[in-house]
Amino acid sequence: MSLYNYVDPINANLTCCICRAPFTEPTTTLTCAHTFCADCILRALSNAPSCPVDRTPLAPTDLGPVNPIVRSLVDELRVECVYKADGCGYVSQRQVMPLHLRDECDYAEVRCEEKEDGKTCGSSMRRMELRAHQKKVHGLWEQEQEEESLLFEETDSEEAKENHTCPHASIGCPYSGPLEPSEHLPGCPYESLKGFFTTNNAKMSLLTEQNMVLRHKVDTLEHTVHMLRKEMNAAKNALGPWFRSSYQTMSLPAHGGVARSIAGAVGVASSDLPIRMQPAVAGPSTAGFEDSVDVLAPYFPAQDEMRRGRWTPSSMADSVYGRAGGVVAPLDLGTTLEGTLEGLRESVVGLALGVDSVGRRGEIALTNETLRLGEELMSVRAQMHGLRMQVHGMMMDRNASLTMREEAGAGMGPGGAYLRAHTNFGSITKL
Amino acid sequence: MASISSRRLAKELREIQSEGCPVGISLLEANDFAKWLFTIEVMGDSVYQGEVYTLQFRFDSHYPISSPAVQFVVTDGKEAPIHPHVYSNGHICASILGNEWSPVLSVIAVCVTLQSMLASCKKKERPTDNDRYVRNAPENPKKTLFHYDGEHYNFKSTYLQD
């Protein structure tokens, strides 16, 4: 129940809108997610079966426990003891207060549970009065009290006797007895060591101080190293394959050897492929071996190899790992990644343009060639025609001479001779 | 249970005293957690301009689970406003005082609702069944079962048996 007085101001979100006090056993509606004290909402539902906030239908079965965070928030609110008016100044978390009331609070009502003649006393009073009541009415505690007072007396007398301890107790003197320090000190073995302990203590404190300073320094250094490592990792991530530590550069030749042999094997297997296909085959196989090396490098062979015109897988692998200095030829690793990428992009664009213009030039050349050939063909044809005409003329002459000889020799009629001549002529012209 | 209603009312009273009432409403008397009196006045332009009414709240031990009994005071020369939802004996026919009461409502919320109910009235007239109702009305308006009808001013009221 909301019977406690709360010490601190309460967040309005933690108050039940029915009792206007911080939630007690907070309960949430499963249908509309409103929170109330378990008791408040159950009583409200017994009156009207709807949510008090939005009036949607609600049954007790639609209630569920609230998020444990809310429960902890209200359970940890600080409350005053309910007997504050009577004089109890106890303040605690709300969840602890029931225990205080049950077991501790002197002002809480308790019942005397003493049995006398088989009957329970049962009279109720404040806890602080219970002992007096039991003593007075039931005759309890008297013996114990005597024992207690005896105990007190004994300890009192002991304390009086064992009053003195050695001033060197802090450095180990076990003496504790009736002697005054002035009487004890002359015989105390620690007295002679006093000087040593003083210097030793001074040294110790100096060392402790230095240790503190050093620890602080180490802490800061560790922090710096941590920061640097973080930054390094960030830089590595940003650089990606462009990052190359000195360790990796040193160990590259070994990797290069493996990659070279692999690339060589690929090259043997694919030796019947056109030369230009081979980088595409070998590229991924080398890239798989060393991630931190530029995977694009195989596509950009060293210039001297380009000049040689022979682009074999092994020479290509050499160009990847760059035996001398490990620099891939056309890529300048000295610039930033963005700059290089930009440069690469530009050169790709330039190459595309070049390829384009080469294509166009080829096309133009082809057209020119075709035209020239056509013209030549025409002139050849014209010459052919001239030749044919000449042959024709020669044939005509020959025909004419032949006809005249036959007419003279065989004495045939001019009509038949004419016909034969024509037939001959036809067969000759067909040449 | 009684302590819960009084604790809740004590909280409401503390809030009223620290933050004050809304404009047009003021606390007249709150000597215990059984009966409170408020004065209520409609601000601005309305048919009740310049008229001040007294509103009485009576709480039972189940407040705020059960609604307070709210009515206008009609004794000591005071009168109930002439309104189609207000009977001449001071009883008010408002749904939030009956079946639409919700424990999350408060005394101030009821006052504000009644104030706006008066402010929205265009014509001063009594409920149509005023005479019949007043003749037989129980002392406590909570014992009346009103049939709420916002559109027409034809209310039927039945009396609950104790």
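Guide: Not counting residues up to four places away in sequence, A:Thr29 touches A:His34, A:Phe36, A:Leu58, A:Asp62 and A:Leu63, where contact means heavy atoms within 4.5 Å. This is a predicted model, in which local features need pLDDT of at least 70 and side-chain atom pairs count only at pLDDT 80 or more, while totals for chains, interfaces and linings use all residues. Residues are numbered from 1 along each chain as its sequence is written, chains are lettered from A and ligands numbered from 1 in the order in which they are written, and side-chain values use heavy atoms, with hydrogens and water left out.

A:Thr29 belongs to strand S1 (residues 26-29) of chain A; helices (H or I, at least four residues) and strands (E, at least two) are DSSP runs, numbered from the N terminus. With a relative accessible area of 1%, A:Thr29 is buried, a term for values under 20%, with exposed over 50% and partly exposed in between (1.4 Å probe, protein chains only). The side chain of A:Thr29 also reaches the backbone nitrogen of A:Cys32, at 3.5 Å.

The surrounding span is annotated. An unreviewed UniProt entry lists residues 16-55 of chain A as "domain: RING-type"; such annotations may be inferred rather than shown by experiment. Residues 16-55 are 25% helix and 18% strand, and their end C-alpha atoms lie 16 Å apart.

The interface with chain B comes next. Here 17 residues of chain A are in contact with 18 residues of chain B. The two chains, A and B, bury about 1500 Å² between them, 56% of it on carbon and sulfur atoms; buried area is the accessible area (1.4 Å probe) that two parts lose on being put together, summed over both. A:Arg20, A:Arg43 and A:Arg55 supply 43% of the area that chain A buries against chain B, more than any other three residues. One salt bridge is counted between chain A and chain B, the term requiring a side-chain nitrogen of Lys or Arg within 4 Å of a carboxyl oxygen of Asp or Glu. The side chains of A:Arg55 and B:Glu100 meet in a salt bridge at 3.8 Å, N to O.

Elsewhere in chain A, A:Glu80 lies in strand S4 (residues 78-80) and is buried, with a relative accessible area of 17%. Chain A as a whole has 14 helices and 11 strands, and 24% of its 431 residues count as buried.

How values were computed:
A polar contact is a pair of N or O atoms within 3.5 Å; within protein, one must be able to donate a hydrogen and the other to accept it, and residues adjacent in sequence count only if both atoms are side-chain atoms.
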